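Reader: I would like to learn how to read charged side chains in a structure. Could you take me through them step by step?

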Amino acid sequence: MRFKPVEGLKGVQYFKPQGVLADGMTFTTQELAAKEPRCSAQSNMMPLGLLVRSKEALPENGGVIAEIGGYLYQYCGTDAALLPTTEEVRCYGRDSTSSDTVSDCY
């Protein structure tokens with residue numbers, strides 16, 4: 001699955017988090033990951049939500065945002081909170097491998 005980021009959004013990194021069984025991916029940016037390692041592709045977090053591709057709409061996959069080539073694309077938003085402080089940005093999101101923070105998005 002690939003997507004074209006909106007104009008002005010730079011350094012997008014998209015990846016499949018561990019533990020996500022659906023045909024899905026999450027994404028972050030290089031700038032966000034540099035400011036907060038828990039927002040990096042190596043963190044197992046879903047910092048900016050989950051994008052899922054399937055043949056049928058499933059409520060647990062979030063809202064349908066597009067239908068392309070017989071596939072439905074659904075987006076389930078994140079629980080991440082980006083909390084800017086004077087010195088850093090903190091990213092608190094769901095860990096896709098932790099049983100106590102399992103996302104409803106997959």
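Reader: Is D23 buried, partly exposed or exposed?

Author: The general idea is a scale of relative accessible area, on which buried means under 20%, exposed means over 50%, and partly exposed is in between (1.4 Å probe, protein chains only). In this case D23 is partly exposed, with a relative accessible area of 37%. Please keep in mind that this is a predicted model, in which local features need pLDDT of at least 70 and side-chain atom pairs count only at pLDDT 80 or more, while totals for chains, interfaces and linings use all residues. Residues are numbered from 1 along each chain as its sequence is written, and side-chain values use heavy atoms, with hydrogens and water left out.

Reader: How many salt bridges are there by the rule, and with which residue does D23 form one?

Author: Side chains of opposite charge can pair when their charged atoms come close. The rule asks for a side-chain nitrogen of Lys or Arg within 4 Å of a carboxyl oxygen of Asp or Glu, and by this rule the count comes to three. One of them joins D23 to R53, with 2.9 Å between the closest N and O atoms. This pair links distant parts of the chain, 30 residues apart, since D23 lies in the loop between β1 (12-15) and β2 (24-29) and R53 in strand β3 (residues 50-54). Helices (H or I, at least four residues) and strands (E, at least two) are DSSP runs, numbered from the N terminus. R53 is partly exposed, at 27% relative accessible area.

Reader: Where do E31 and K35 lie?

Author: Both are in helix α1 (residues 30-35), four residues apart, about one turn of the helix, and their side chains meet in a salt bridge at 3.4 Å, N to O. E31 counts as exposed at 54% relative accessibility, whereas K35, at 45%, counts as partly exposed.

Reader: Is E36 buried or exposed, and which side chain does E36 meet in a salt bridge?

Author: E36, which lies in the loop between α1 and β3, is buried, with a relative accessible area of 7%. The side chain of E36 meets that of R38 in a salt bridge of 2.9 Å, N to O, and R38 counts as partly exposed at 31% relative accessibility.

Reader: Which ring does R53 lie over?

Author: A charge sits over a ring if NZ of Lys or CZ of Arg is within 6 Å of the ring centre and within 35 degrees of the ring normal. R53 lies over the face of Y71, at 4.0 Å from the ring centre, and K55 also lies over the face of Y71, at 4.2 Å from the ring centre.
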